[in-house]
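Student: Could you walk me through one part of this model up close?

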Amino acid sequence: MVLILAAFALVPLYCWWVDSVYPLTLFGRILVFALAALGLNLALGFGGMVSLGHAMYIGFGAYAVGIGSALGMESGVLQLLLALIATALIAAPLGWIALRTQGIAFIMITLAFAQLFYYVFISLRMFGGDDGMTIQKLSAWGPLTGNKVAIYLSLVAALVLAIWGIARTVQSRFGLVLRATMVSERRVNAVGTPSLPYRLVAYVISAELCAVAGYFLANLTSFVSPAYMAWTLSGELIVMALLGGSATVFGPVVGAVALLLLEEGLKAFTERWALILGPIIVLIVVFLRQGLWGLLSDPSEKPSGGSSGGSHG
Amino acid sequence: MSTPASAQPLLNLRGLVKRFGGLLVTDGVDLSIAQGEIHAVIGPNGAGKTTLINQIAGELTSDEGSMELLGHDVTRWPVARRAHLGLGRSYQINSVIGSFTTVENVLLAVQSGPLGGGHNFRFWKPATGPGPLIDRVDEILRMVGLHAERDRPAAVLSYGQQRLIELAMALATEPRVLLLDEPMAGLGPVETERMIELLKRLQPHYAMLLVEHDMHAVFTLASRVSVLVYGRVLICDEPEVVRTSESVREAYLGDEEISA
């Protein structure tokens with residue numbers, strides 16, 4: 001795990017070596033989705049909440065930068081706060097409604113709200129509408145403003161912090177309740193802890209991490225568009241989590257790296273890359289129940305659901 | 001064993017009714033249990049025993065009647081709130097969390113109890129780290145004889161051991177009233193004896209409602225026995241009276257033998 005993260009931190013050095021910014025863009029994108037998948041997985045892998053709407057929160061984070069900048073609010077801190085507050089204000093009531101349901105109904109409600117906001121942002125003509133908009137001025141962070149390497153490295157730092165935070169959280173008292181609700185909400189209620197508030201808080205934290213990912217995405221690409229909120233992207237986040245191993249903390253990061261690098265590699269190789277990528281994902285998810293990282297970190301068989309909560313490899 | 005008439009009942013049901021559509025599953029059940037009492041509820045399959053327990057626990061809302069727990073009218077309270085006030089239950093079918101270790105299962109219940117400080121929004125410290133919560137978990141595990149299995153996942157333990165975790169979880173919320181839904185179900189004779197011994201030891205500290213098919217266990221443990229038939233309490237009396245009652249024999253013992 002340390003190796004993978006260290007490799008990410010060394011990418012800027014490599015860019016300088018080969019004198020190209022392309023790796024920085026590629027790996028920046030991977031990091032963004034790793035962070036988002038990590039966030040989603042707190043709800044998905046540890047709380048059993050299959051949300052098909054988390055790309056919406058990436059969009060909120062990105063539009064906080066885009067709209068903030070367009071309206072003259074360039075402070076990076078304020079934009080980040082805007083992203084976090086807007087996300088909390090949407091995620092809390094949405095989660096509260098969605099969590100009254102289970103299974104397919106939960107998936108459909110999260111999807112429905114995400115689609116709703118997707119079309120809201122498409123209709124915002126003054127902020128680019130369907131085409132999206134180029135961000136003229138990136139989030140202001142003093143002398144570091146607009147420095148791609150600085151953005152990239154803070155993204156690495158954010159990812160490391162998020163991994164650490166989630167690893168602590170799932171082992172904490174809160175995490176114990178959350179993981180128990182995934183198996184049996186009834187059990188948790190019977191011991192005197194109402195399950196809903198805990199699930200809701202996990203859902204909101206998970207949304208916030210996606211918003212932070214979106215904040216970085218906008219700064220890396222200098223661009224926002226409703227495409228960041230597409231439901232297919234929400235689906236891809238789920239695939240990343242499952243691919244890497246949703247019962248582990250680090251799994252989604254591995255899943256994001258594997259999926260996007262595989263996609264990139266196959267694109268160079270053939271135009272019909274999706275035809276090859278699809279079956280590979282299916283095979284991995286079917287045959288490696290613990291996902292890629294589950295296999296790497298813990299080859300011994302173990303009941304899924306993860307009493308270990310996560311691997312601190 | 002009889003309890004002094006002055007003992008304040010911890011659990012009090014008055015005219016509890018539950019209907020599923022046109023079917024009357026619980027038909028005006030009155031029942032009260034004081035501390036130190038084990039009140040056994042027996043009856044043929046389908047008599048509504050588990051429904052009654054679910055009503056008391058709050059998983060099913062009652063259509064009529066009222067329920068008092070430790071002097072509070074809890075008729076409209078949700079499950080978690082009743083549990084928090086002092087109602088513990090064990091399930092007929094094991095509902096321990098298989099992927100959790102024994103410690104984690106019991107901790108889940110302990111941290112929801114009075115030692116937990118009212119909520120579990122603690123995000124940073126490892127839950128199983130040293131402290132008063134984990135001390136209490138170990139204490140309970142020693143009490144039920146599971147301490148040797150503390151760090152093994154519940155899923156790999158024997159059925160009998162899982163039943164004990166189930167009981168430990170019910171005890172761990174520090175309840176005053178215990179609802180035990182067939183604690184002997186699926187246990188072998190040796191394990192059953194051990195469970196009976198354990199419940200006897202616990203008896204003075206709790207008011208217990210025991211739903212059980214094992215008649216040996218019922219007549220060894222119970223201070224009072226209610227016979228439930230079609231949701232109605234046919235008779236509620238001391239074990240000796242119930243065992244020799246003619247109407248019980250007709251309604252119930254036709255298909256099952258009381259040989260204890």
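Student: At what angle do the axes of helix α11 and helix α12 of chain A cross, and within what distance do they come?

Tutor: Quick housekeeping: this is a predicted model, with local features needing pLDDT of at least 70 and side-chain atom pairs pLDDT 80 or more, while totals for chains, interfaces and linings use all residues. Residues count from 1 along each chain as written, and chains are lettered from A and ligands numbered from 1 in written order.

Now, α11(A) spans residues 251-269 and α12(A) residues 273-287; their axes come within 9 Å and cross at roughly 145° (axes are lines fitted to C-alpha atoms, over the stretch in contact for helices, with angles from 0 to 180 degrees between N-to-C directions; helices are DSSP runs of H or I, at least four residues, and strands of E, at least two, numbered from the N terminus). On the α11(A) side, the contact uses L262(A), E263(A), L266(A), K267(A) and F269(A); α12(A) answers with W273(A), I276(A), L277(A) and I280(A) (contact: C-beta atoms, placed from the backbone, within 7 Å).

For another packing pattern, hop to chain B. Its open six-stranded sheet runs β6-β7-β8-β3-β9-β10 with mixed pairing (paired strands share at least two DSSP bridges). Since β6(B) (87-90) and β10(B) (232-237) each have a single partner strand, one side of each is left without a neighbour in the sheet. Strand-to-strand twist averages 15°. β6(B) pairs with β7(B) (177-181) in the parallel sense over four bridges, and R89(B) sits opposite L179(B) of β7(B). Helix α2(B) (79-86) packs on the sheet, touching β6(B) and β7(B), at about 110° to β6(B). Helix α5(B) (159-172) also touches β6(B) and β7(B), its direction making about 175° with that of β6(B).

Notes. Contact = placed C-beta atoms within 7 Å.
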